[in-house]
Amino acid sequence: MLEPEVVMDVQGLVRRYGDFVAVDRVEFQVRRGEIFGLLGPNGAGKSTLIGMLTGVLAPSDGRASICSLDLLTQREAIKKLVGLVPQDLALYQTLTARDNLAFFASLHEIKGKLLEQRIQFALALAQLEDWADKPVRSYSGGMKRRLNLAVALLHRPRILFLDEPTVGVDPQSRNHIFDCIRQLAAEGLTVFYTTHYMEEAQSLCDRVGIFDRGRMIALDTPKNLVQTTRSRLLEVGVLHLPGSVLQEIKAMEGVEQATEENGLLLVTAVDIPAVAVKVLSLLAERKVSFTSVNTPEVNLETVFLQLTGKTLRD
Ligand SMILES: Nc1ncnc2c1ncn2[C@@H]1O[C@H](COP(=O)(O)OP(=O)(O)OP(=O)(O)O)[C@@H](O)[C@H]1O
Ligand SMILES: [Mg+2]
């Protein structure tokens with residue numbers, strides 16, 4: 001028997017595209033009212049996993065129960081209980097916010113007085129009352145994202161899935177979206193949030209799954225993920241780092257992971273002071289100029305780097 005508060009129980013879900021395994025035997029549970037984050041880089045399989053959990057994509061293997069319904073046999077019933085804020089905006093650009101909301105509400109057969117109430121609620125939630133009768137194409141990116149969120153809530157879902165909802169959004173709209181999510185979760189809505197922004201997962205989510213190449217490689221509260229990381233981080237700004245020098249750094253005693261992207265060398269190690277001395281003398285010896293040296297706070301980015309050997313950045 002499931003604990004009553006578990007609203008999502010995922011057991012060994014797999015999705016293949018031909019021979020390629022996009023989601024690989026994923027297991028986790030999500031509790032009611034929880035904000036669950038899925039943190040992973042581009043191509044990790046986040047959208048594919050969301051596709052399966054919302055009943056849009058058929059799993060290739062494994063099973064899951066969503067609000068006590070079976071994902072394999074009760075997909076249509078599940079679709080009524082979940083809301084999806086898709087990665088790509090799903091709005092009619094030539095229609096107004098009000099007409100978009102009315103259209104999407106009609107797909108859920110919401111009519112009459114209830115329709116009016118839901119549209120008013122959605123416009124208020126998206127802070128678009130003053131823009132309700134203007135075509136969506138005249139909105140900023142942030143306004144469109146807010147409307148996209150409001151559309152997903154029209155039928156009062158029990159679980160809300162958000163697929164990278166803040167890409168291309170100004171900080172103000174982003175904060176508004178965060179406030180809405182926190183408020184809705186406090187009222188009992190369960191939230192499944194995917195992102196490749198470490199700061200979002202860290203500040204918003206109760207628990208975070210670290211997702212890479214279709215696999216859940218760690219899952220815990222942001223605090224525990226950071227605390228159980230033994231490594232610390234060294235960040236060195238470099239003008240040009242030859243691949244051979246990066247290899248030497250990777251091979252150094254005490255170095256756990258090393259990567260270089262956009263002129264930033266990142267090294268994780270348990271004993272940063274000792275490793276820093278060795279890394280900087282090697283750089284000097286190999287005549288690699290460096291512009292800055294930093295030891296930033298350990299965060300989910302460090303955890304991710306330690307677990308995967310790569311960064312979350314684009
Ligand atoms: N319809 C498809 N056919 C074949 N391969 C696909 C298909 N959809 C996704 N993939 C591949 O599956 C992998 C996971 O894709 P997915 O879109 O789920 O990743 P993601 O984590 O959502 O990435 P992003 O952050 O870029 O949105 C990628 O390598 C992608 O190329
Ligand atoms: Mg995606």
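In which loop does Arg156 lie? Arg156 lies in the loop between H5 and S7, where helices (H or I, at least four residues) and strands (E, at least two) are DSSP runs numbered from the N terminus. This is a predicted model, in which local features need pLDDT of at least 70, side-chain atom pairs count only at pLDDT 80 or more, and totals for chains, interfaces and linings use all residues. Residues are numbered from 1 along each chain as its sequence is written, while chains are lettered from A and ligands numbered from 1 in the order in which they are written.

**Overall layout**

- The secondary structure of the protein consists of eleven helices and 14 strands.
- Domain 1 covers residues 6-225 and domain 2 covers 230-297; these bounds come from an automatic or database domain assignment.
- A distance of 38 Å separates the C-alpha centres of domain 1 and domain 2.
- Taken along the principal axes, the C-alpha atoms of the protein fill a box of roughly 75 × 45 × 35 Å.
- Of the 314 residues in the protein, 40% are buried. A residue is buried if 20 or more other C-beta atoms lie within 10 Å of its own, exposed if 12 or fewer, and partly exposed in between, with C-beta atoms placed from the backbone.
- Among contacts with a separation of 6 or more, 70% link residues 24 or more positions apart. Two residues are in contact if their C-beta atoms, placed from the backbone, lie within 7 Å.

**Four-stranded sheet**

- Four strands form an open sheet in the order S2-S1-S4-S5, with antiparallel pairing; two strands pair if DSSP finds at least two bridges between them.
- Strand S2 (20-31) and strand S5 (69-70) are the edge strands, and each pairs on one side only.
- Eight bridges join strand S1 (residues 6-17) to S2 in the antiparallel sense, and Arg16 has Val21 in S2 as its bridge partner.
- Helix H1 (residues 46-53) lies across S1, S2 and strand S4 (61-66), at about 60° to S2. Axes are lines fitted to C-alpha atoms, for helices over the stretch in contact, and angles run from 0 to 180 degrees between N-to-C directions.

**Surroundings of ligand 1**

- Ligand 1 is surrounded by 13 residues, of which the closest are Tyr17, Ala22, Lys46, Ser47 and Thr48. A residue is near a molecule or strand if its C-beta atom, placed from the backbone, lies within 6 Å of it.
- S2 and H1 are the elements that give two or more residues to this shell.
- H1 supplies the largest share of the shell around ligand 1, three residues.
- The shell around ligand 1 holds four nonpolar, eight polar and one charged residue. Ala, Val, Leu, Ile, Met, Phe, Trp, Tyr, Cys and Pro count as nonpolar, Asp, Glu, Lys and Arg as charged, and the others, Gly among them, as polar.

**Six-stranded sheet**

- The order in the open sheet of six strands is S6-S7-S8-S3-S9-S10, and the pairing is mixed.
- Strand S6 (82-85) and strand S10 (215-220) stand at the edges with a single partner strand each, so one side of each has no neighbour in the sheet.
- On average, neighbouring strands of this sheet are turned by 15° against each other, direction ignored.
- Strand S9 (residues 207-212) pairs with S10 in the antiparallel sense over five bridges; the bridge partner of Gly209 in S10 is Leu219.
- Helix H5 (residues 141-153) packs on the sheet and touches S6 and strand S7 (159-163), its direction making about 165° with that of S6.
- Helix H11 (residues 300-308) also packs on the sheet, touching strand S3 (35-39), S9 and S10, and its direction makes about 40° with that of S9.

**Strand S3**

- Five of the five residues of S3 are buried, so S3 is largely enclosed by the rest of the structure.
- Ile35, Gly37 and Leu39 point one way from S3, Phe36 and Leu38 point the other way, and all are buried.
- S3 runs parallel to strand S8 (residues 190-195), joined by five bridges, with Tyr193 in S8 as the bridge partner of Gly37.
- S3 also runs parallel to S9, joined by four bridges, and Leu39 stands opposite Ile210 in S9.

**Positive phi in two loops**

- Arg156 has a phi near 50°, a positive value in a residue other than glycine. Arg156 is exposed, with 12 other C-beta atoms within 10 Å.
- Arg213, in the loop between S9 and S10, has a phi near 50°, again a positive value in a residue other than glycine. Arg213 is partly exposed, with 15 other C-beta atoms within 10 Å.
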